Amino acid sequence: MHATRRHSLYHAELLHASGRTADAVREHGGRVRQQVFGNKVFVRGVLEISNYCRQNCNYCGMRRDNKAIDRFRLPLDIAREIIFNHLPPAITDINIQAGEDVVAVRDIVPLLREIRERTSLGISVCLGTLSSREYDMLREAGASFYIIKLETGNPLHYKEVQAPGTFEKRIAAIRYLAQTGWSVSSGFIAGLPGQTTEHMLETLQVLGELPLAGNSVSPFIPGGDTPFGTYPASTPDLSLNAVALMRLANPRRIIPAVSAMNLVGRDAYSGAIRAGANLTTINLTPPDARRNYVLYQRDRYIMDQDRVLRAIRNAGCEVSTRSMARWLAEQRPGSVPVAPSNLETAARFGEAA
Ligand code: SF4
């Protein structure tokens with residue numbers, strides 16, 4: 001009990017740190033990343049194939065009640081053309097992403113098979129909470145990395161922000177995916193309306209205890225056509241400190257620098273890599289479709305290959321030529337601790353800072 005309280009206190013201080021303390025926390029996160037992954041950063045491409053969604057999350061512009069966007073499903077021939085003929089050379093993994101749209105899930109299966117057969121790309125999907133049959137179908141088609149965000153680790157807060165389905169079902173989905181051979185990544189939104197410091201600490205703890213291969217921090221950005229449109233965005237300090245603490249608690253997990261970092265502060269995207277992130281994403285979605293893929297706001301900061309490579313260089317890192325999927329496969333079986341804890345290090349660091 002006493003030890004838990006000590007960790008909580010240190011995390012609260014470090015989560016809200018600024019100035020030299022924040023710089024030191026993030027440098028520490030970067031050093032831990034360096035120890036496990038060296039200076040190599042994975043580069044994946046994301047293709048957003050549908051903005052239909054049956055969920056109604058208060059923080060997302062693609063929520064089903066938002067009538068202000070045009071809904072689309074990307075024709076498969078366009079997706080094929082991009083993946084097989086126009087892929088930037090730095091990309092080693094592809095992420096297929098959509099709102100929670102079972103039609104898109106069904107339609108994408110043949111393309112996943114084709115990617116598996118024709119390329120050595122690692123295949124990630126981010127398609128929402130589905131049935132076990134649908135997860136199995138995607139896995140059998142060749143995908144191996146499932147991204148399913150928790151958004152907040154507090155069950156009541158989860159309900160308040162209308163995150164997808166229920167907290168319990170989301171946790172059950174993560175466990176099912178991990179048990180059936182997927183590498184699973186989950187994460188949370190820093191600065192989400194209604195979120196307390198305790199919620200964030202609880203979320204970090206819940207994520208640390210789940211059988212995950214990856215973790216993420218997305219800074220909250222208010223979306224114009226959402227119930228949370230008038231709330232303030234997350235701050236650079238909170239967003240980057242959360243990345244650093246996540247890395248300290250989970251040295252071997254894949255942690256992305258998310259494109260929304262570009263909206264919270266100048267240099268925050270490279271800052272996330274310096275704080276411990278080791279995955280970047282090039283957006284491959286055609287501009288017409290991208291306009292309506294409004295996870296937060298229409299003015300998204302689009303990461304093309306040049307911007308991604310510049311950010312990696314600015315962080316003093318290099319592009320990994322090995323895919324993320326391959327790296328994960330090489331860690332198995334059993335050599336990746338489910339939740340390696342470096343919280344003691346964080347706590348000791350808090351005393352010194
Ligand atoms: S966050 Fe995901 S599940 Fe929620 S409304 Fe947006 S696209 Fe749908």
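Here is a short tour of the model, stop by stop.

**Before you start.** This is a predicted model, in which local features need pLDDT of at least 70, side-chain atom pairs count only at pLDDT 80 or more, and totals for chains, interfaces and linings use all residues. Residues are numbered from 1 along each chain as its sequence is written.

**Colour by confidence.** Start with pLDDT (the predictor's confidence in each residue, from 0 to 100). The protein chain averages 90, and 90% of the residues score at least 70. Now select residues 1-7: pLDDT stays under 50 there, and the model has three contacts beyond four places in sequence for them. Contact here means C-beta atoms, placed from the backbone, within 7 Å. Then jump to residues 335-353, where pLDDT again stays under 50 but the model has 36 such contacts beyond four places in sequence.

**Select the ligand.** Show what surrounds it: Cys53, Gln55, Cys57, Cys60, Met62, Arg63, Gly99, Glu100, Gly128 and Pro164. To be listed, a residue needs its C-beta atom, placed from the backbone, within 6 Å of the molecule. This shell divides into five nonpolar, three polar and two charged residues. Ala, Val, Leu, Ile, Met, Phe, Trp, Tyr, Cys and Pro count as nonpolar, Asp, Glu, Lys and Arg as charged, and the others, Gly among them, as polar.

**Helices α3 and α4.** Select 76-85 (α3) and 102-118 (α4). Helices are DSSP runs (H or I, at least four residues), numbered from the N terminus. Axes are lines fitted to C-alpha atoms over the stretch in contact, with angles from 0 to 180 degrees between N-to-C directions. Show Leu76, Ala79, Arg80, Ile83 and Phe84 of α3 against Asp107, Leu111, Ile115 and Arg118 of α4. That contact has six nonpolar, no polar and three charged residues.

**On to α5.** Val105, Val109, Leu112, Arg113 and Arg116 of α4 touch Glu134, Met137, Leu138 and Ala141 of α5.

**Last stop: α2 and α9.** Select 19-37 and 236-249, whose axes come within 8 Å and cross at roughly 40°. That makes α2 oblique to α9. Which residues of α2 and α9 meet here? In α2, look for Ala22, Val25, Arg26, His28, Gly29, Val32 and Arg33; in α9, for Asp237, Leu240, Asn241, Val243, Ala244, Arg247 and Leu248. The set splits into seven nonpolar, three polar and four charged.

Definitions and conventions. Helix = DSSP H or I, 4+ residues; strand = E, 2+ residues; numbered from the N terminus. Contact = placed C-beta atoms within 7 Å. Parallel < 35°, antiparallel > 145°, perpendicular 65-115°, else oblique.
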